[in-house]
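Here are my notes on the model you sent.

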Amino acid sequence: MYNFFNVQSPLQMLSAISAAEAFNTRKKVLLINLSKGNRKENDTQIVNLIDYNFWDEVIIHRKGFGPTRKILRNIRLVILKLKYQRKIDTYFFGEFRDFNMAVLGETLKPLRKVLLDDGAFTITAQNKYIRNNIFPFSHILENKKSRKYKSIFINYSFPNLYSFFKLKMVSDQVNYFNHSDLSRKSVELLAGEIYFFGSKFYERNNMDLDDELSVISRALEKYKGYKVFYIPHRDESDLKLKRISELVFQVKNLGKPAEIFFEETKFMPEIIISYFSTVLYTCYIKFSNVSIVSLDVENDLKNEYWRDSAKSIYEYYRELGIPILKV
């Protein structure tokens, strides 16, 4: 029997490594899903986290192009089915909303499924979907091209969690993460410095570029006299970063996931600012003396789906005592 890990982002990869260390009685198979080349920083950070001596098998899939994309995806699914179906103890996957991850999970017929951390969306997955028994793929399965997958979801069950978020579970659901391992510490602060962790609102057409820049400018008007470093999301565009640098903010690329930076650094800025990013929670559980600010952009987002997600995450952060700043 194997434990199978299916990821597509650096944070999912870090969560998979942690889970693999915790569930170390089975052979470990890692499936990494890379972009078709349009998410180079994301792909680089994932690949840099691979330790081939740790995993028993590493499978790397890269998204295809054009009409051959679906053919390639189906071929890969058949290969994995032939090799691993009914041989998986636990299927760990990183994205609750990803239809392909769900199809593979149902196809392999594991003994159990476990959702890894996928940023703060884990909060939405649990509090909106799982706790309310909302199946996430109803709309997709109504699509003519996807109806053929309906039969494999007949016995669909919601996953357990492996999440560093402390969330309320439903009956018989388990969060396997050991929260007793989390301990906050005091760190040496760089007084007068702010790290503003960005997001890809413009790149996802969730905000117009000028609107996103306006939010950043209005927020930082409240912190005049501070030295501000803008930490870009790995998928932010060069165009936006150029505009941000013109606002007299220094763009600082960490070159690694924030979670690893927090683990390795000996110094932290006085203040961390972001929207509803996982970075805020990671900083919260790691450091006891860093000021954390969450910017409320719920009503600024174009997409209703993302407004709903933001709402649930802001509610969770308020419960923790993280300040929510309206701008």
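**Notes on a helix pair and a pocket**

1. Arg73, Leu77, Leu80, Lys81 and Tyr84 in H3 meet Asn100, Val103, Leu104, Thr107 and Leu108 in H4. Contact means heavy atoms within 4.5 Å. The residues of this contact divide into six nonpolar, two polar and two charged. Here Ala, Val, Leu, Ile, Met, Phe, Trp, Tyr, Cys and Pro count as nonpolar, Asp, Glu, Lys and Arg as charged, and the others, Gly among them, as polar.

2. This is a predicted model: local features need pLDDT of at least 70, side-chain atom pairs count only at pLDDT 80 or more, and totals for chains, interfaces and linings use all residues. Residues are numbered from 1 along each chain as its sequence is written, and side-chain values use heavy atoms, without hydrogens and water.

3. Helix H3 spans residues 68-84 and helix H4 residues 99-108; they pack at about 30 degrees, axes 10 Å apart. That makes H3 roughly parallel to H4 (angles under 35 degrees). Helices are DSSP runs (H or I, at least four residues).

4. The second largest pocket holds about 710 Å³ of space. A pocket is an open set of points on a 1 Å grid where a 1.4 Å probe fits, with protein on both sides within 12 Å along at least five of seven lines; lining residues have an atom within 4 Å of a point.

5. Its lining has 22 residues, with Ser18, Phe164, Phe177, Leu182 and Glu263 nearest the centre of the second largest pocket. H1 gives the largest share of this lining, seven residues. The lining divides into eleven nonpolar, five polar and six charged.

Terms used: Axes fitted to C-alpha atoms, helices over the stretch in contact; angles between N-to-C directions. Helix = DSSP H or I, 4+ residues; strand = E, 2+ residues; numbered from the N terminus. Parallel < 35°, antiparallel > 145°, perpendicular 65-115°, else oblique. Points joined across faces, edges and corners; volume = space filled by probe spheres on them.
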